[in-house]
Amino acid sequence: ASFTISLHKVDNTTVLIKLRPGVSPSCRIRIKNVIKSDLKIKPGENVTFTFTCSTPEKYFIMEIQKNIDCVSGSCPFGDVHLYPPGLPRLNRTYIWDVKASTKAGLELKFSTPWLRQIEPGKTCPDSISYKINSSVDEATVNIGTFCRNGSVSRVKLLGGVVMSLHLPWHSLLITSGFNIANRASIKRLCIIESTLKGESSITLMSPNYPLGFPEDELMTWQFVIPSSMRASVFFHNYSLSNCERKEERVEYYIPGSPSNPEVFKLSDSQPANIAGSFNMSLQGCDQDAQNPGILRLLFQVVVQPPQVDENVTHLVDLSKEKNMTVTIHLEGWPNQVPLMSEPICLICKDPRTCDRVLTLTSGAVYRISFLCKDLSRLRITAEKGIGCMDIRWCQRKIYSLSVPKAITRLPIRLHKFIWKLLATDLINVEITSPSLKLHQKQKHVPEQRCNTSYSYSIVSATPETELNVGEFCPGGSIEKIQMRNNITIALKTFGKGFINESIPQDLKMSFVPHIKDECTFTVSPNPKAKVYLQTPNWPYGLPPYVSISWFIVVPSKQTARLGFSKDRMGLACETGRAYINIKEDTVGAEETVRREDELLPQPRNMHHSFWVNISNCKPVDKTQLTLQFWVTFADKQIDLGIILAVVAGAGVLTAIGLTVCCVKKKKKKKTQNPMVGVYNANVNTQMPGKKGLFGKGRQNNESHVYAVIDDAVVYGHLLKESNGSVTPEVDVYRPFDGPIGSLPPSPPPFSFRKDIKCSSNTEEEPPALTDTDQDTYTFAHQKLGQSKDNGDANEKDKGDTSVPLLENKEQDGLVE
């Protein structure tokens with residue numbers, strides 16, 4: 001098809017057709033017998049041409065520029081038309097270059113649906129865009145890029161204007177959408193009028209955004225808003241230049257305000273809840289010539305109807321709190337920022353100071369209100385710091401980790417309350433829950449899920465590593481957790497019932513002296529419950545060389561059964577060894593030790609309170625140490641054999657007593673000889689049996705030496721009468737069955753573990769431990785049948801060896 005473009009000279013219009021940048025010249029323009037790559041048609045020319053291809057829109061673009069002189073000639077007020085007609089369907093840009101005096105600026109008025117400003121580089125949904133540039137003293141300032149369907153209804157500019165309209169090749173738009181309305185002196189760079197008729201949200205930018213507002217310039221935005229609506233201003237992105245003179249600022253003219261203009265810094269919270277129309281101006285400054293900096297601003301104006309409860313205030317008294325902040329925000333903050341076009345919830349410290357996010361600090365009293373249709377979208381996140389630098393001032397102090405009532409009384413759901421517990425290296429943290437206790441939340445175990453509306457997440461942090469101790473819910477069996485290093489405890493809610501459940505919170509915290517393990521749990525289960533316990537940092541595994549202990553309390557009339565959820569640790573060590581130590585908290589108890597290359601213990605009964613210690617090595621590759629074990633309880637059963645043995649023993653002792661009594665009476669009847677002291681060096685005063693059965697010497701205890709002996713009562717006579725079948729009642733050692741302290745089983749020291757390397761692929765037996773190795777990490781006990789002299793002679797006391805000797809020197813630093 002051929003096209004004819006005829007331009008009248010008085011229209012002062014030029015048409016330029018040229019190849020699109022980056023496109024190969026596969027299509028050309030033919031004028032008669034001449035082939036061209038571009039075509040320029042000047043005012044007064046009449047040109048007929050064709051394209052050498054059927055899809056010229058893929059290769060060519062078109063610019064139509066019209067020069068308008070409003071300085072020396074009459075200004076063509078009224079609608080601006082798309083001229084000339086009959087243009088080929090190419091991507092085209094209309095440019096109107098209007099010259100005007102700075103003493104008589106220009107006013108551009110846009111027809112509905114008006115314009116919406118967008119950031120440079122972004123595109124409009126229909127690909128139709130406007131670009132407005134101001135021309136002052138040959139300097140060009142980009143006022144902004146706009147799409148259709150917005151709120152910008154008029155723009156007034158100082159001096160001339162260069163207006164551009166970009167249309168895609170398929171657009172059917174036949175009008176420019178604006179007119180030159182008037183000439184008016186405005187004495188500032190520009191005035192942008194934005195008309196908002198109902199509930200809405202708009203985004204605007206300063207001229208030349210993001211490159212920088214011109215130096216020492218002033219511009220104004222006029223917002224036309226119905227008096228029945230409320231407007232709020234929010235600055236989302238801004239930067240400041242380096243001022244030599246004056247100060248960059250924002251000024252508001254609000255009808256009815258007692259202090260017009262109201263002056264704000266760009267860093268201030270901007271006015272909110274403004275009734276009706278208002279103006280906002282941006283003032284620049286004289287910039288440093290060497291380092292001018294950049295002044296720019298992107299902001300949002302939100303218009304919404306007044307809220308029913310906007311005059312309802314809520315008292316938040318934080319005057320008695322210390323080191324605490326309370327932030328009220330929208331759900332998902334700060335990771336999810338709501339769209340600017342969405343209706344928003346505003347939190348107000350006073351009727352005109354409102355924002356999407358409001359942070360309150362301790363030591364003050366606040367009266368806040370909400371401009372929000374749906375308060376369920378709002379959340380509270382609070383943080384409190386508790387520190388201890390000297391254990392002498394902190395050790396006896398107990399802190400209550402409960403949410404203050406000033407927060408729970410607000411009609412907003414608590415999202416998270418965080419306690420940050422800070423202490424020096426030699427001070428640790430003890431968490432207790434005296435009445436409710438805690439249980440470890442485990443998603444894969446139905447019995448271990450939370451049935452409350454909140455849980456506690458506990459994390460222990462060191463400069464080298466971070467240990468996620470776990471997530472815990474109230475109503476369990478863990479009554480105490482001791483942890484090293486700085487601790488963060490976060491109360492998280494996941495239900496609407498927290499306000500009603502907040503009263504019985506009983507989590508307590510105190511600072512304690514240094515402990516050995518990274519974490520120690522004290523577990524006091526319900527005798528009827530099955531308790532599941534697992535290593536911290538689940539499911540990612542314990543960090544290398546970390547040791548964790550559990551002390552499980554077994555009631556006196558109960559027997560506990562301990563079992564592991566898998567047969568092996570499932571771990572391969574690169575350096576050191578991983579161990580599991582199990583030991584009952586009673587004198588003489590055997591200690592069960594398993595390494596990572598051994599089978600874990602089978603389920604076993606524990607008759608006393610016991611310790612479970614798990615110590616990690618440095619794993620190979622990505623293998624991790626994750627273990628879970630369980631504990632159940634049953635009533636103790638009395639063995640029938642033991643009952644029969646006790647009855648038989650009582651019968652034998654009764655017979656011995658009767659025999660001795662009869663002999664004594666018979667002798668007394670015969671004669672009443674005076675008692676004399678007798679020493680028989682040939683009599684063996686040792687109890688018949690294995691030599692050295694007792695570990696405790698009696699050289700300092702003379703209860704076995706008779707000061708006066710009846711001449712008829714001697715050991716030989718008694719043994720002769722009983723034919724050696726009855727053992728005389730003598731001083732017998734009984735094991736100590738009282739408390740022995742709260743020290744966990746001693747794990748191998750890290751130096752030992754690091755010296756031995758193991759591999760999951762080797763079948764060889766591990767090297768036998770030497771006596772020195774055993775002394776460094778095991779409990780030494782007096783074994784039945786070991787030979788040791790009782791020391792009844794006049795030897796010096798060699799010490800009481802009846803109580804297990806804790807020979808790990810590392811234990812000396814432990815405290816109860």
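Leaving aside neighbours within four places in sequence, which residues is Ser477 in contact with? Here are some notes.

1. First, the ground rules. This is a predicted model, where local features need pLDDT of at least 70, side-chain atom pairs count only at pLDDT 80 or more, and totals for chains, interfaces and linings use all residues. Residues are numbered from 1 along each chain as its sequence is written, and side-chain values use heavy atoms, with hydrogens and water left out.

2. Back to Ser477. Its contacts (heavy atoms within 4.5 Å) are Lys437, Leu438, Thr522, Val523, Ser524, Pro525 and Val531, once neighbours within four places are set aside. Look for Ser477 in the loop between strand S40 (466–474) and strand S41 (478–483); strands are DSSP runs of E, at least two residues long, numbered from the N terminus. Ser477 has a relative accessible area of 5%, so it is buried (under 20% relative accessible area, with a 1.4 Å probe and protein chains only). Lys437 sits 40 residues away from Ser477 in sequence, yet the two are 5.6 Å apart in space, C-alpha to C-alpha.

3. Now the inside. The largest nonpolar core has 82 residues, and Trp550 is among those with the most contacts inside it, as are Ile431 and Phe511. Such a core is a set of buried Ala, Val, Leu, Ile, Met, Phe, Trp, Tyr and Cys residues joined through side-chain atoms within 4.5 Å. Not counting residues up to four places away in sequence, Trp550 touches several others, including Phe521, Pro536, Trp611 and Phe629.

4. On to a sheet. Four strands make an open sheet in the order S45-S54-S47-S51, with antiparallel pairing; two strands pair if DSSP finds at least two bridges between them. S45 (531–534) and S51 (604–606) each have a single partner strand, so one side of each is left without a neighbour in the sheet. Strands S47 (residues 558–564) and S54 (residues 628–635) pair over seven bridges, and Arg561 stands opposite Thr632 in S54.

5. Last, the disulfides (pairs of cysteine sulfur atoms within 2.5 Å). The count comes to eight. One of them joins Cys124 to Cys147, S to S 1.9 Å, and is left-handed, with -85° about the S-S bond. Another joins Cys348 to Cys354; its torsion is about 105°, so this disulfide is right-handed. Cys348 and Cys354 are both buried.

Technical notes
Buried < 20%, exposed > 50% of the residue type's maximum accessible area, 1.4 Å probe, protein only.
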